[in-house]
Amino acid sequence: MDPAEVRACLECGVNVNCPINKQGNTILDLFAMEHQNMLKTTMSTRGRPEDTTRLFCEMQASAAEVLSILRRHGALMSGQSAALRRGV
């Protein structure tokens with residue numbers, strides 16, 4: 001996750017709560033899915049525990065900053081509205 005890129009997109013006028021796909025997901029939904037993928041990647045990383053821990057902490061710090069930026073711009077999860085748009 002790249003906080004600078006997220007900030008730049010939002011400052012250029014991207015609406016954080018507009019659906020980004022046919023299912024009606026928002027940017028915050030995408031953030032949650034990507035955060036989950038980052039956690040899975042970290043858990044499956046092979047290598048020294050020190051390196052894995054460092055990677056985990058860096059990824060979490062970046063994710064926290066992105067989440068903070070999104071929330072400052074009013075980002076909301078799609079909630080049930082995305083689930084109701086099945087087959088669109």
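Let me start with Thr 26, which, leaving aside residues up to four places away in sequence, touches Val 16, Asn 17, Cys 18, Ile 20, Leu 76, Met 77 and Ser 78, where a contact means heavy atoms within 4.5 Å. This is a predicted model, in which local features need pLDDT of at least 70 and side-chain atom pairs count only at pLDDT 80 or more, while totals for chains, interfaces and linings use all residues. Residues are numbered from 1 along each chain as its sequence is written, and side-chain values use heavy atoms, with hydrogens and water left out.

Thr 26 is found in the loop between α1 and α2, the helices being DSSP runs of H or I with at least four residues, strands being E runs of at least two, and both numbered from the N terminus. Is Thr 26 buried or exposed? Thr 26 is buried, at a relative accessible area of 4%; buried means under 20%, exposed over 50%, and partly exposed in between, with a 1.4 Å probe and protein chains only. The side chain of Thr 26 also reaches the backbone oxygen of Leu 76, at 2.8 Å.

One of the residues touched by Thr 26 is Ser 78, which lies in the loop between α3 and α4 (80-83) and is itself buried, with a relative accessible area of 12%. Ser 78 touches Gly 24, Asn 25, Thr 26 and Asp 29, again not counting residues up to four places away in sequence. With the side chain of Asp 29, the side chain of Ser 78 makes a polar contact at 2.6 Å, that is, a pair of N or O atoms within 3.5 Å, where within protein one must be able to donate a hydrogen and the other to accept it, and residues adjacent in sequence count only if both atoms are side-chain atoms.

Now to the chain as a whole. There are 4 helices and 0 strands, and of the 88 residues 25% count as buried. Among contacts with a separation of 6 or more, 74% join residues 24 or more positions apart.

Next, the core. The largest nonpolar core has 11 residues, including Leu 10, Phe 31, Met 59 and Val 66; such a core is a set of buried Ala, Val, Leu, Ile, Met, Phe, Trp, Tyr and Cys residues joined through side-chain atoms within 4.5 Å. Both α2 (27-44) and α3 (49-72) supply at least two residues of this core, and the largest share, 5 residues, comes from α3. As general background, nonpolar side chains in soluble globular proteins tend to be buried together.

Val 66, a member of that core, touches Met 1, Asp 2, Pro 3, Val 6 and Phe 31, not counting residues up to four places away in sequence. At the start of α1, a side-chain oxygen of Asp 2 reaches to within 3.1 Å of the backbone nitrogen of Ala 4, and α1 is followed by Gly 13, whose phi is positive, near 110 degrees.

Lastly, in the loop between α1 and α2 we also have Asn 15, which at 43% relative accessibility counts as partly exposed. From Asn 15 to Ile 27 there are 12 residues in sequence, and the two are 8.9 Å apart in space, C-alpha to C-alpha.
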